[in-house]
Amino acid sequence: MDTRERLAWNLRKVRADKKVTQENLAVDASVDRTTISGIERGDFNASIDLLDRVAAALAIDIAELFAIPNEGEAPPSTLPAGRKPGR
């Protein structure tokens, strides 16, 4: 798993664990929702400044976004599609 895949995996995992939608995370991190989606797909090359804002919006240390997943760990789940009420 390369770094971009690891970042995508961890972002989706943390976001799903906290039950935060891409849209809500994007608002909290002051980015477009498609940016969050692009990071989670591994298509977007995020800057450290952007990742720092995303980590702050999730109330985690940026290092958590680069953690190596445990061997055999199931891929992170996704939240059901559609808009969710605010937190």
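This is a predicted model: local features need pLDDT of at least 70, side-chain atom pairs count only at pLDDT 80 or more; totals for chains, interfaces and linings use all residues.
Helix α4 spans residues 48–58, and its buried residues are Leu50, Leu51, Val54, Ala55 and Leu58. Viewed down the helix axis, these residues fall within an arc of 135 degrees, so they line one face of α4. An α-helix has 3.6 residues a turn, so residues three or four places apart point the same way. Exposed residues Asp49 and Ala56 are carried on the face of α4 turned away from the buried side. Just after α4, alanine 59 adopts a positive phi of about 60 degrees.

The whole structure contains 4 salt bridges. In one of them, glutamate 40 pairs with arginine 15, with the closest N and O atoms 2.5 Å apart. Because glutamate 40 lies in α3 and arginine 15 in α1, this pair ties together parts that are 25 residues apart in sequence. Both glutamate 40 and arginine 15 are buried. Salt bridges with shared partners join Arg12, Arg15 and Glu40 into one network.

Glutamate 40 has a relative accessible area of 5%, whereas arginine 12 is partly exposed at 24%.

A further salt bridge joins lysine 13 and aspartate 17 (3.1 Å, N to O). The two residues are 4 apart in helix α1, and therefore separated by about one helical turn. Lysine 13 is partly exposed, with a relative accessible area of 28%, while aspartate 17 is exposed at 52%.

Terms used. Residues are numbered from 1 along each chain as its sequence is written. Side-chain values use heavy atoms; hydrogens and water are left out. Buried means under 20% relative accessible area, exposed over 50%, partly exposed in between (1.4 Å probe, protein chains only). The arc is that of the directions from the helix axis to the C-beta atoms. A salt bridge is a side-chain nitrogen of Lys or Arg within 4 Å of a carboxyl oxygen of Asp or Glu.
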